[in-house]
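Student: I have a model open and want to go through it before I use it. Can we take it piece by piece?

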Amino acid sequence: MRALIAIAVLALAVPAAAQTPATSLTLADASSAPSGRVIIDGASWSCDETGACEARGGTNQPADRACRRVVARLGAVTAFSWKGQALNEQQIAACNASAG
């Protein structure tokens, strides 16, 4: 019984960030970064003045589709990761081109 309690305590002690795959992007034009939170497909995006953005939540969808939806609202990106799946340079170029 003690072992079960110890396992439960350890499971609760793991930070939520370690359990959630990263969702982030870097905007090509930092000046286009929104000043407040922006909700896109259920993901709450927050950006800093350098154009680096992170999100929490979001629907289950392929990373390339999520990229197109975000780029359509926020502008071109130089890096994009959706729930732990990072797009490569070719995928990012296609994402940016589809929004233009």
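This is a predicted model: local features need pLDDT of at least 70, side-chain atom pairs count only at pLDDT 80 or more; totals for chains, interfaces and linings use all residues.

Tutor: One term to begin with: two strands pair if DSSP finds at least two bridges between them. With that in hand, leucine 25 has cysteine 53 in β4 as its bridge partner.

Student: Where is confidence lowest, and where is it highest?

Tutor: The lowest is helix α1, residues 2–13, with a mean of 45. The highest is strand β5, residues 77–82, at 98. The pLDDT is below 50 over residues 3–18, and beyond near neighbours in sequence that stretch has 2 contacts in the model.

Student: OK, back to β1. Which strands does it pair with, and in what sense?

Tutor: β1 and β4 run antiparallel and are joined by 3 bridges. β1 also pairs with β5 in the antiparallel sense, over 4 bridges.

Student: What is the bridge partner of leucine 27 in β5?

Tutor: Valine 77.

Student: Is threonine 26 exposed or partly exposed?

Tutor: Partly exposed, because its relative accessibility is 29% and that class lies between the 20% and 50% cut-offs.

Student: And what does threonine 26 touch?

Tutor: Leaving out residues up to four places away in sequence, threonine 26 touches Gly51, Ala76, Val77, Thr78 and Ala79. For valine 77, the C-alpha to C-alpha distance from threonine 26 is 5.5 Å, at a separation of 51 residues in sequence.

Student: Now the core. Which residues touch the most other members?

Tutor: The largest nonpolar core has 22 residues, and the ones touching the most other members are Leu25, Leu27, Trp45, Val77 and Phe80. At least two core residues come from each of β1, β2, β3, β4, α3, β5 and α4. Helix α3 gives the most, with 6 residues.

Student: Trp45 and Phe80 are both on that list. How many aromatic pairs are there?

Tutor: The count is 2. In one of them, tryptophan 45 and phenylalanine 80 are 6.2 Å apart centre to centre, with 35° between the planes, and the pair is tilted. Tryptophan 45 lies in strand β3 and phenylalanine 80 in strand β5, so the pair ties together parts that are 35 residues apart in sequence.

Student: Why tilted?

Tutor: Because stacked requires planes under 30 degrees apart and edge-to-face over 60, with the rest counted as tilted. The angle for tryptophan 45 and phenylalanine 80 is 35°.

Student: Change of topic. How many disulfides does a search of the whole structure find?

Tutor: There are 2. With bonded cysteines counted along the chain, they follow the pattern 1-2, 3-4.

Student: Start with cysteine 47. Which residue is it joined to?

Tutor: Cysteine 53, with an S to S distance of 2.0 Å. The torsion about that S-S bond is about 105°, so the disulfide is right-handed. Cysteine 47 is buried at a relative accessible area of 15%, and cysteine 53 is buried at 2%.

Student: And the disulfide of cysteine 67?

Tutor: Cysteine 67 forms a disulfide with cysteine 95, their sulfur atoms 2.1 Å apart. Here the torsion is about -100°, so the disulfide is left-handed. The pair links distant parts of the chain, with cysteine 67 in helix α3 and cysteine 95 in helix α4, 28 residues apart.

Student: Are cysteine 67 and cysteine 95 buried or exposed?

Tutor: Cysteine 67 is buried, and cysteine 95 is too.

Key: Residues are numbered from 1 along each chain as its sequence is written. Side-chain values use heavy atoms; hydrogens and water are left out. pLDDT is the predictor's confidence in each residue, from 0 to 100. Contact means heavy atoms within 4.5 Å. A nonpolar core is a set of buried Ala, Val, Leu, Ile, Met, Phe, Trp, Tyr and Cys residues joined through side-chain atoms within 4.5 Å. Buried means under 20% relative accessible area, exposed over 50%, partly exposed in between (1.4 Å probe, protein chains only). Rings of Phe, Tyr and Trp (its six-membered ring) pair if their centres lie within 6.5 Å; planes under 30 degrees apart count as stacked, over 60 as edge-to-face and the rest as tilted. A disulfide is a pair of cysteine sulfur atoms within 2.5 Å.
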